[in-house]
Amino acid sequence: MDLSELRAGVQERVSALHREHRKPGRPQEVRVLTEAVHAEFVVVGALKVPAVPVVAAVESEPVPVSPVVKDPAKLMADALHQVVTTGRTEFLEEFAVIGPAADLLKLSAVVAPAAVDVMWTAAAGRPVEQLVELTVALYGAKEIERAVWLVGMAVAARPLEDLPGLLDALEAAGLRAQADGLVPMVAAAGDPPTMEHLLALLADAGRDRNRAAVLSGIADGSMPRLVEWLAIGGNRAGFDEDAAFVLNAAVARRDDRHLLLTELRRIGQDGHLRTVQEEARRLEPPVLHALLERLHAAGADEDGEAVTRCAVDMARPVTAVRLAALLRERGPAELFPLVLTALCRADVDQAAGFLLVALEDGDDDLVDEALSALAERFPSEGFDLLAAELDVHPDLVAGLRRKALDLRPMADVLAMLERAGDEERSAMLERLASSDRPPGELAELVEMPGRHRLRRRTGAQVAACLLARDDSALTGVLAELLDRDWTAGARLLLGQIVVGGNPREQAGVAEWLQDTGRGEQARSLLDRICEERGTAHQSMVAEKLLAGGQPELGMHVAAVGVRTWPTRDLVRQARRLAEAGARTESAATVGGAAFLLTHAVQVRSAESAAELLLALDAEPEEDGPAPVDQLLVEYLTAGPRAEAVPRIVLLRDARPGSRVALGVSAWVRAHAPLLFREAWQAGPAEAVECLLAAYGDGGSVGPLELGILLPGLRSSGSGSEADFVRDAAVLAALPWSSNSSSSLDRQGIVRALGTDRPIAEIVASPGRNRAQLATAVLFRRPEDVSELLAGAPSPELRQILAVVRPVPELVEVLRALMKSGQRDDAARIVDIMLAAESPARIGELLEATPFVHGREYVAGPAWVVADRSMRKGTTAELVRALLDAGYGRAVERLLDELTVAATGAKGAAALVKRLAATGVGREVYGRLITGFCERRPHEAVERFREHLGPFRPEVAPREKDRERDDATAPPPSKGWFRRKG
């Protein structure tokens with residue numbers, strides 16, 4: 001062997017020892033310090049065996065051999081000489097075993113490095129005491145690396161049973177750390193059976209600390225050896241404790257801990273597998289998450305789930321939160337729900353702790369998902385306790401309760417509603433009703449089975465909130481209520497649809513009920529809508545139904561409207577429906593509009609139907625829902641024949657020339673004999689008058705028309721009816737205004753009716769009629785009228801006088817009545833005039849009555865007006881109305897009358913005050929003050945002045961003013977008294 005081969009062999013051994021002892025850095029480099037050529041320098045030559053002569057065998061006794069004890073000093077000299085002269089190391093190796101430690105240190109400094117290595121390798125075989133002594137010396141010489149190497153070589157060269165003794169010796173020499181370092185080195189080099197043997201030796205020696213080092217070495221060693229050791233040691237006493245220690249260390253320190261799980265599952269070591277799964281929960285969250293990721297990547301999902309279940313310990317909320325956050329953000333996604341499941345199974349304080357840690361970490365998304373899980377799955381008996389635990393964070397509590405409303409079983413939610421206060425309950429109901437819960441659960445919210453009191457308190461609000469949802473949600477809930485026979489809830493929801501739904505929603509629900517075979521309920525719903533909602537709303541519901549898929553339901557609403565809608569609304573809604581139908585080209589809607597009117601005319605009372613026709617007659621003719629002439633025929637033929645005349649009478653207010661008037665006129669002309677016979681038999685002349693008006697198309701029936709009508713009546717055998725019609729025609733033709741023009745002259749009327757006879761004869765005549773009496777009061781002399789009223793007092797006759805007889809003639813009639821002592825008749829006539837809307841005839845009456853006072857004063861028409869207005873307390877208002885209408889002279893005449901009669905001092909003073917209060921000028925009531933003071937006795941004037949108060953004049957009128965000529969005309973009118981226009 002040459003020098004280069006020796007160097008290479010030594011270098012290989014050094015490198016091997018470097019690896020076995022797990023030393024850091026690169027192995028120590030072996031160098032040869034010589035200038036000789038390495039290949040030519042022979043270290044060990046060929047073995048030369050000297051020739052031994054062959055000698056004959058001689059029988060002899062064996063010679064005993066005595067041990068030879070070599071002198072260390074001589075052996076050291078021989079070794080040095082041998083190494084230097086020959087390069088051989090036999091003596092050096094022998095000296096390394098027995099030589100003093102100090103001499104070995106000296107030799108290592110003077111011989112070649114290769115020889116030094118050989119020497120130290122041989123020194124590893126020294127007895128334990130000398131080995132420890134040498135080791136101490138090396139430490140003392142700062143040869144620490146050499147000392148460690150030496151001890152390691154000593155252990156490798158000795159039986160395993162010597163290790164405890166070596167450890168004891170090292171510790172005794174103060175090298176405990178060095179002793180502790182040997183055990184891991186031994187453990188790293190041994191196989192599982194060797195490890196088991198070593199553990200037993202150390203246990204017998206009571207070296208538990210070193211046993212732990214061995215176990216740690218197993219945990220840190222190769223995965224196959226670790227798994228094999230776990231597999232072979234199951235029967236040894238105490239093995240389970242050792243295995244738990246090893247697995248704990250392996251899980252805590254190994255980067256390939258995921259392989260440990262997969263290997264244990266592969267070989268069926270379920271017990272150790274569970275131990276590893278449980279130990280993994282002690283890992284820090286990032287490390288644990290990495291383990292879970294590697295398990296997922298390796299397809300070991302079962303192990304990943306098991307580790308997660310063990311790891312999510314809610315007693316350690318920080319770890320649980322951090323792991324949950326990593327799983328939610330990075331996955332594996334299927335493991336995050338396991339965290340939420342564990343959270344929902346935790347105690348109240350643990351669940352609260354999890355939420356609070358997540359909140360402190362600022363992980364709002366995790367908080368939100370945790371709240372959702374707890375809201376849905378946390379035990380109901382602990383839910384309020386959890387909320388109470390979180391009460392320092394109102395937002396968390398609010399979020400928890402809000403999510404519970406969305407996710408919790410409805411039975412739990414109803415219990416929560418019962419416990420809540422009114423304000424909180426209201427907010428909860430709004431959220432529930434607007435949630436995405438399935439229709440069945442929302443139906444349960446409406447019905448609230450078994451909770452009748454709660455339903456009474458909250459049902460209306462729930463139904464109103466559901467009504468705000470889309471149509472599908474509303475009908476879905478209604479379907480659930482009806483299918484489950486939850487009548488209370490169904491009635492509640494339908495009631496809310498009635499009072500709160502818009503026409504589109506209501507029509508949609510009605511159509512849905514009809515489509516699903518619930519037609520009776522659909523019509524009941526519509527009936528309730530018609531009872532609760534206004535006309536316009538009902539009409540819009542009908543429009544939606546008529547234009548939709550169930551027009552018969554629209555007709556049902558229309559039929560209800562025919563019976564209940566006011567006439568004005570009926571006309572308006574019929575027109576609106578017709579316009580809507582034309583706009584949308586919906587024939588059903590147009591037909592519904594026509595049905596409203598036609599059916600109304602057919603089924604309504606005669607009065608209501610007549611009102612409807614007159615209202616339609618006032619509408620524009622074009623584009624009407626139904627022709628008025630057609631409706632008129634329906635109206636006139638709707639009842640028995642005897643009702644035709646009363647129905648025509650009900651149309652007496654039709655505008656002349658209108659569609660109704662023309663239609664009625666045509667009908668009367670076509671059926672005159674029949675209609676006039678019915679009218680005569682009915683008795684009241686009003687019916688005949690209406691027929692006559694209709695016959696004449698709203699005007700008076702003149703001689704020409706009578707010439708046609710009367711012969712026709714007589715020819716049909718109705719002579720009495722003809723005479724009755726004649727009288728009525730005359731009465732209808734009388735001048736019912738100040739316009740005296742007629743188709744008939746006065747004298748002709750008087751003669752035609754036989755009213756030219758004496759009044760007493762007329763009054764006593766059994767065949768007198770209204771026409772005769774009316775003619776008499778209109779055209780006979782005032783004295784005759786007075787006599788007629790005395791003999792045949794009649795409100796109608798007074799009405800004719802008050803309204804129709806020309807004012808100049810009426811003045812004389814009133815004077816005649818006053819003269820004959822018929823003041824009551826005069827008063828009643830004036831009362832009628834005062835009650836008229838216009839003060840025109842009163843104004844004309846006053847202006848047509850001259851003013852006379854003094855000795856020649858006689859109470860006349862002006863006195864009657866003054867007396868009746870003062871008695872009624874309306875004089876001030878009459879004065880105001882006359883002034884506004886331009887009858888200033890009439891006001892003067894009235895005030896002058898009051899200065900001499902019709903009131904006393906107190907009444908006159910009160911009138912002054914009322915006149916001032918109505919806002920008339922001082923000139924008006926001043927005339928009353930001045931005239932009263934001028935024309936009344938002194939005592940009355942003094943009382944008058946006392947009652948006037950602030951209106952009292954400063955100086956009384958002169959006495960001579962009282963002596964003016966009684967016939968002196970009143971002062972001329974001032975500008976504001978002149979008649980307007």
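## Values against cut-offs

Q: What kind of model is this?
A: It is a predicted model.

Q: What makes Ser-658 and Arg-655 a polar contact?
A: A polar atom of the Ser-658 side chain lies 2.6 Å from the backbone oxygen of Arg-655. The cut-off for a polar contact is 3.5 Å. The pair is therefore within it.

Q: How do you know that the span of helix H25 agrees with its number of residues?
A: Helix H25 covers residues 422-433, which is 12 residues. The expected span is 1.5 Å times one less than that number. That gives 16 Å, and the end C-alpha atoms are 16 Å apart, so the two agree.

Q: Which residues of H25 are buried, and what puts them on the same side?
A: The buried residues are Arg-425, Met-428, Leu-429, Leu-432 and Ala-433. They cover an arc of only 120 degrees around the axis, so they lie on the same side of H25.

Q: Why is Leu-788 called buried?
A: Leu-788 has a relative accessible area of 1%. The cut-off is under 20%, so the label holds. Leu-788 belongs to helix H47 (residues 782-791). Its C-alpha atom is 8.3 Å from that of Leu-773, 15 residues apart along the chain.

Q: What makes Asp-256 and Arg-254 a salt bridge?
A: Their N to O distance is 2.9 Å. The rule asks for a distance within 4 Å, so the pair qualifies. Arg-254 is buried, because its relative accessibility is 7%.

Q: How many salt bridges does this rule give?
A: The count comes to 59.

Q: How do you know that Arg-282 and Glu-279 form a salt bridge?
A: Their closest N and O atoms are 3.0 Å apart. That is within 4 Å, so the pair counts.

Q: Are these two partners buried or exposed?
A: Arg-282 is exposed, because 52% is over 50%. Glu-279 has 14%, which is under 20%, so Glu-279 is buried.

Q: Why is the pair of Glu-329 and Arg-328 called a salt bridge?
A: The N to O distance is given as 4.0 Å. The limit is within 4 Å, and the pair is counted as a salt bridge.

Q: Why is Arg-328 called partly exposed?
A: Arg-328 has 24% relative accessibility. That lies between the 20% and 50% cut-offs, so the label is partly exposed. Glu-329, at 52%, is exposed.

Q: Which residues are linked in a network of salt bridges?
A: Asp-168, Glu-171, Asp-180, Arg-207 and Arg-209 are linked in this way. Side chains of opposite charge can pair when their charged atoms come close.

Q: What makes Ala-172 exposed?
A: Its relative accessibility is 71%. The cut-off is over 50%, so Ala-172 is exposed. Ala-172 is part of helix H8 (residues 163-172). Its C-alpha atom is 9.3 Å from that of Val-132, 40 residues apart along the chain.

Q: Why can Val-110 belong to a surface patch?
A: Patch residues need over 30% relative accessible area. Val-110 has 57%, so Val-110 passes and also counts as exposed. Val-110 is in helix H4 (residues 101-110). With Leu-80 and Val-84, Val-110 makes a nonpolar surface patch of about 270 Å².

Technical notes. Residues are numbered from 1 along each chain as its sequence is written. This is a predicted model: local features need pLDDT of at least 70, side-chain atom pairs count only at pLDDT 80 or more; totals for chains, interfaces and linings use all residues. Side-chain values use heavy atoms; hydrogens and water are left out. Patches are made of residues with over 30% relative accessible area and no salt bridge: like charges are joined within 9 Å, nonpolar side chains (Val, Leu, Ile, Met, Phe, Trp, Tyr) within 5 Å. Accessible areas come from the Shrake-Rupley method with a 1.4 Å probe; for residues, only the protein chains shown count as cover. A salt bridge is a side-chain nitrogen of Lys or Arg within 4 Å of a carboxyl oxygen of Asp or Glu. Helices (H or I, at least four residues) and strands (E, at least two) are DSSP runs, numbered from the N terminus. Buried means under 20% relative accessible area, exposed over 50%, partly exposed in between (1.4 Å probe, protein chains only). A polar contact is a pair of N or O atoms within 3.5 Å; within protein, one must be able to donate a hydrogen and the other to accept it, and residues adjacent in sequence count only if both atoms are side-chain atoms. The arc is that of the directions from the helix axis to the C-beta atoms.
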